[in-house]
Amino acid sequence: MMTTLDKIRPGMGGIIQSVGGQGALRRRLLDMGLTPKTKIQVTKIAPMGDPMELYLRGYVLTLRLQDAAEIEVLVKEEVL
């Protein structure tokens, strides 16, 4: 099932299909390792709902939901 990263709940994960955004935002997302075919897992979401914590490429990354909405993910139950 395809969706955007901001809609994935903790404990779920998937494989990045595409990274949207333009200019500096897109470059920043790619520089953080959010590239197509990367396996990711959502580990936590802050109590107020923003930001979210992801596990990818052996490290933990915190990302705002607004930025996560630019990333399309193929959702998988077991990823890592």
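## Legends to the close-up views

**View 1. Gly49 in the hairpin of S3 and S4 has a positive phi near 95°.** Six residues lie between the two strands of this hairpin. The model is predicted, and local features need a pLDDT of at least 70, side-chain atom pairs count only at pLDDT 80 or more, and totals for chains, interfaces and linings use all residues. Residues are numbered from 1 along each chain as its sequence is written, and side-chain values use heavy atoms, with hydrogens and water left out. S3 and strand S4 (residues 52-56) pair in the antiparallel sense through five bridges; strands are taken to pair if DSSP finds at least two bridges between them. Within this pairing, Lys44 is opposite Glu53 in S4. Strands (E, at least two residues) and helices (H or I, at least four residues) are DSSP runs, numbered from the N terminus.

**View 2. The peptide bond from Asp50 to Pro51 is cis.** Its omega is near 10°. Pro51 belongs to the loop between S3 and S4. Both Asp50 and Pro51 are touched by Arg64, which also touches Arg28, when residues up to four places away in sequence are not counted; contact means heavy atoms within 4.5 Å.

**View 3. Arg64 occupies the loop between strand S5 (59-63) and helix H2 (65-68).** Arg64 counts as partly exposed because its relative accessibility is 41%; residues are buried under 20% relative accessible area, exposed over 50% and partly exposed in between, with a 1.4 Å probe and protein chains only.

**View 4. Strand S2 (residues 13-19) and strand S3 (residues 39-45) run antiparallel.** Three bridges join S2 to S3. Ile15 is placed opposite Lys39 in S3. In a regular strand, side chains alternate between the two faces of the sheet.

**View 5. Pro36 and Lys37 are both in the loop between H1 and S3.** Helix H1 covers residues 23-31. With a relative accessibility of 42%, Pro36 counts as partly exposed. Apart from neighbours within four places in sequence, Pro36 contacts Ile16, Gln17, Ser18 and Val19. Thr3 is 33 residues from Pro36 along the chain, and their C-alpha atoms are separated by 14 Å. Lys37 is exposed, at a relative accessible area of 73%. The phi of Lys37 is positive, near 75°, although the residue is other than glycine.

**View 6. Arg57 lies in the loop between S4 and S5.** Arg57 is not a glycine, yet has a positive phi of about 50°. At 52% relative accessibility, Arg57 counts as exposed.

**View 7. The whole chain gives the setting for the preceding views.** The chain comprises two helices and six strands, in the order β-β-α-β-β-β-α-β along the sequence. Along the principal axes, the C-alpha atoms fill a box of roughly 30 × 30 × 25 Å. Of the 80 residues, 35% are buried. Of the contacts between residues at least 6 apart in sequence, 62% join residues at least 24 apart.
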